[in-house]
Amino acid sequence: MLLGEQDQFLSYNGEVLVFQLSKPKHAEEADDKTMNLCVRRMAFNRDTKLFVQKSCGAFSVGASNSKIEMICCSCTTDSRTGIILPCILMKKKKRNSVKYFLLLLHSSNQFEPSFNFTLDYELKEDIRLFAGPSLLWRHANKLFYISSNTCVVQSAPVHLSCVVWTGEIVGEGTVVLGVRTACLPETEDPDRFSVSDRAVWGSEFFGYAIQSQKFLSGTCFMPHAYSRVVSSVCVCRSERLRKQLRISLVAITHKNQLIWFQNGAPKGVCELPYENPCSVKPALTSSSDLLFAVSFPSGNSCVVQRRDSLQVASKWQEVKCVLVDDFIGSGREQLLLLFKDDSNTDVLSTFKITDLGEVNYASGINYKHDVPAAEGLQENGLLTVRALETRLQAGWTSVRELQQHLGLQKRVILESCRALIDLVEERTHILPNSKEVNAGEGLVSLWDDVEDPPDSLSKETPSASEVPEHFTEELWQRVVDDSLVVGVKLTESFYLSLSDVTLSLVMDQDFSSISPIIKCQSKIIRLNKAFSALAVSSRQIEPPPKKMKLDLHSKNDLKKDFPKRSSRIQLDGAKTVTAVTSLSPLLAFHRVCCTVLLHARKQSHQKDGLQQSKKITVLCGKILLSLEDISNGRFSIKMLRDNSYCTGSMEDILAVLAVSVRFSFQIVSCDCTLTPVSSWLLGEMECTPFKECQDNIFCHKAGNVHGTIFNWALKNPFEGVLTIFCRNLTVLFQCLHSLSRVLPPSCSVKLLRSESKGVLTEHLALALEKEMLTLKNSLFSKETKAGNSLMWGSEYGKKINNAPLASLLDTEEGVWQFRKKLQKEREESVQSMNQTLNGALYQKTALKIAEAQLSSDMIVWRLA
């Protein structure tokens, strides 16, 4: 593949992406006025010491009466998934306008168009790609930007002469650092650091946050005196300490200098060997050295090393491109220099990979007699262990930060509980002072400290007039096994104007040692022919597979055996919200009074036809729970048989559904009809239908299966769906075991999965725990230590161990023996620290770690 002048190079996950524009090769395609944007993924092979192609892809672009060009490429974050992807900016030039479009490259080499826009001028100055993906440029001393979220060109309210850096700043998002004419106010504090610089130089640095649209002081980056000479900046680190922004960066100037700035003050300077530096890139090498690769428009490059001081470590000429990434897979970054070579036009033919240390690969060198195979294998294993140790240390650091965050979160929840109790009791809650909250905890108040808290609080709290006076028809409670079920029946008009409805139970008693908020799970019970019980927070988290659509209105065999009756509760059941909590912890208090709160978003229609929603909290009433009532069976469910029907109040049915788990199975029979399912439900399982909805039947069989609810819906005589509402998995397995004995052998039973967000969250926690254990066991496994254990200890050491310590220290010769023993143990300790891996063990370890990470990444994708 031949290179052209417009070819673009980009490093991504240790690979080199080569983007090229070319015309179709086939003759029949040549007549079409199209261009192909091709990409080749090149990876470095440590055996052959060459770059080899891993895969390729292409994207066709229509070029009718226009000229297609590549402007720039970069790796940016996709805001939809949070994944960093290669991004390419393309230009299609026409007579009177210029069209720009942005493409994202996925791991499958598929190009995805992100957004496009048209301008009446060409982009030439300070073009930058950043997260979103988003694009920023400067035109006529104005700043413009566009993102994939809005797809509209926006202008920033600032005039500037140049943009020196664009990137992420902690707590501010994407920030643009630029230079503009100094804006000196009439009255300015004379003690400010930047007054003299701004007045003398007439220009100043400034930072502009894109998301929050606010300005940052340029003095936290560097003094304004450098505004006339700095051409490019690279921010190495940003953090916030005591609400102060602390930044470390390097800048290159028109005076051929590279300057290191720490918190706005210069800390070091280095003279560059060539003129007119244009860009600088940082690289963190295997020896933890920070390197800065500086490029020049003449094709020269140099590397500046920062140790005790800044100094030029190496320089090169005739350089086409400089990339920074982990190309050899060592866990640290290296520099890749692509050189100009007119004699060889192949892709990545002349290159050099180096970190100015142990890593040094170059094209055209024979590596046959470099290093023996065993030593190379040990080096590979050592580099792998270092990378795994680094990742493990980062993981432990994250765990400690998470523990601190959980402790802080607990204190915030307790304060929120006090505020909620005051709200329920209609008392004015005094917000904590920001100084008291922030002391030693780093908390920031969510409210402004005002002089009149009651007035401000009343503005935020919804008034009673905004909520209908009679929005609840009934408040009830039931006890099912070890669960307490509390239900609120809403009026139809009130229910239709709500979304995100949940219930909370708050104990009236004041317990200082425990939280008054009772942990519970809210559900909206929709009673229809399938008895679907859906959690409020559930949602579809991934594209659904091609499943059969449930035909709930089809006729089945149960209708033939039971008389027909109208379903008069189908609509009423859709207006009931339930909360389920554990009963036994509440019975420990013997007598508990709980306040029931309803949380929801209320939808209101405006005059322009738009909807506006706001959060509301409504007091539904109080429930009283005592041990005497539980013993007397006052709140127990009552499901009895009455003339082949199951009698039970609406509250009893809803309570059973609230504590049950739903499982749906698709049953398909190829040889015979599914009539045995109906006979099994009516006979062996002793089921009877509800009077209000005959399609759903209640199991009266003695044992664990008592109280299970079934729904059998036939799509056709050979295919149907059996829905089971059971208390636990043990009951489910008993039902399936009993069903398997009556089904024909040729039947297939398939579970129709519908995982909730809570279940996936628990799976993610288990997957992350497994990943951490895999990393730990891989680094400290017995097999790793076995290679060095044969060399530890000696006969000499055994003799010393057998001698009593007191007798050794009595004589001078014994003291020398003790010293030799101590030196021997030190050497063995050092040897145990420098363990290596063989190739087979490394491959096995890497496979285990990859499988654990793949499992957790898959669950994260399903939760996104």
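How many bridges join strand β18 to strand β19, and do the two run parallel or antiparallel? I began my notebook with that point. The model I am reading is a predicted one.

**Entry: two hairpins in a row**

I looked up β18, residues 244-253, and β19, residues 257-262, and found that five bridges join them and that they run antiparallel. One pair I noted is L249 with its bridge partner F261 in β19. The two strands form a hairpin, with three residues between them. In that turn, N256 has a positive phi of about 60°.

I then followed the chain to β20, residues 265-271. Six bridges join β19 to β20, and this pair also runs antiparallel. Here L258 stands opposite C270 in β20. β19 and β20 form a hairpin with two residues between them. N263, in this turn, has a positive phi of about 55°. As background, I wrote down that strands of a sheet pair through backbone hydrogen bonds, either parallel or antiparallel.

The C-alpha atoms of K267 and S309 are separated by 9.0 Å, although the two residues are 42 apart along the chain. S309 sits in the loop between β23 (301-306) and β24 (310-316).

Next I looked up an open sheet of six strands. Its order is β41-β42-β43-β44-β40-β45, with antiparallel pairing. The edge strands are β41 (687-689) and β45 (748-752), each pairing on one side only. From one strand to the next, the twist averages 30°.

Inside this sheet I checked β42, residues 696-699, against β43, residues 709-716. Three bridges join them, and they run antiparallel. N696 stands opposite N711 in β43. Helix α12, residues 729-740, packs on the sheet and touches β40 (661-668), β43 and β44 (719-726). The direction of α12 makes about 145° with that of β44.

**Entry: a buried helix**

How many residues of helix α10 are buried? I counted through residues 650-659 and found ten of the ten buried, so α10 is largely enclosed by the rest of the structure.

**Entry: cores**

The largest nonpolar core has 37 residues. F19, M90, F117, L135 and W137 have the most contacts inside it. Strand β7, residues 98-105, gives the largest share of this core, seven residues. I took M90 for a closer look. Leaving out residues up to four places away in sequence, M90 touches L21, L37, I68, E69, M70, I71, K99, Y100, F101 and L103. Apart from this core lies another, of 25 residues, among them L586, V592, C620 and I623.

**Entry: aromatic rings**

A search of the whole structure finds 16 aromatic pairs. W137 and F144 form a stacked pair, at 6.0 Å centre to centre and 20° between the planes. W137 is buried, with a relative accessible area of 0%. F144 is also buried, with a relative accessible area of 15%. Both belong to one aromatic cluster, formed by Y100, F115, F117, W137 and F144.

I compared this with F206 and F215. Their ring centres are 6.1 Å apart and their planes stand at 50°, so the pair is tilted. F206 counts as buried, at 1% relative accessibility. F215 is partly exposed, with a relative accessible area of 38%.

**Entry: T174**

Is T174 buried or exposed? Its relative accessible area is 1%, so T174 is buried. T174 lies in strand β14, residues 173-181. Neighbours within four places in sequence aside, T174 is in contact with F130, T166, G167, E168, Y208, A209, I210 and Q211.

**Entry: the chain as a whole**

The chain has 18 helices and 45 strands. Of its 864 residues, 42% count as buried. Among contacts between residues at least 6 apart in sequence, 55% join residues at least 24 apart. The accessible surface comes to about 48300 Å², and 52% of that belongs to carbon and sulfur atoms.

Definitions and conventions:
Residues are numbered from 1 along each chain as its sequence is written. This is a predicted model: local features need pLDDT of at least 70, side-chain atom pairs count only at pLDDT 80 or more; totals for chains, interfaces and linings use all residues. Side-chain values use heavy atoms; hydrogens and water are left out. Two strands pair if DSSP finds at least two bridges between them. Helices (H or I, at least four residues) and strands (E, at least two) are DSSP runs, numbered from the N terminus. Axes are lines fitted to C-alpha atoms, for helices over the stretch in contact, and angles run from 0 to 180 degrees between N-to-C directions. Contact means heavy atoms within 4.5 Å. Buried means under 20% relative accessible area, exposed over 50%, partly exposed in between (1.4 Å probe, protein chains only). A nonpolar core is a set of buried Ala, Val, Leu, Ile, Met, Phe, Trp, Tyr and Cys residues joined through side-chain atoms within 4.5 Å. Accessible areas come from the Shrake-Rupley method with a 1.4 Å probe; for residues, only the protein chains shown count as cover. Rings of Phe, Tyr and Trp (its six-membered ring) pair if their centres lie within 6.5 Å; planes under 30 degrees apart count as stacked, over 60 as edge-to-face and the rest as tilted.
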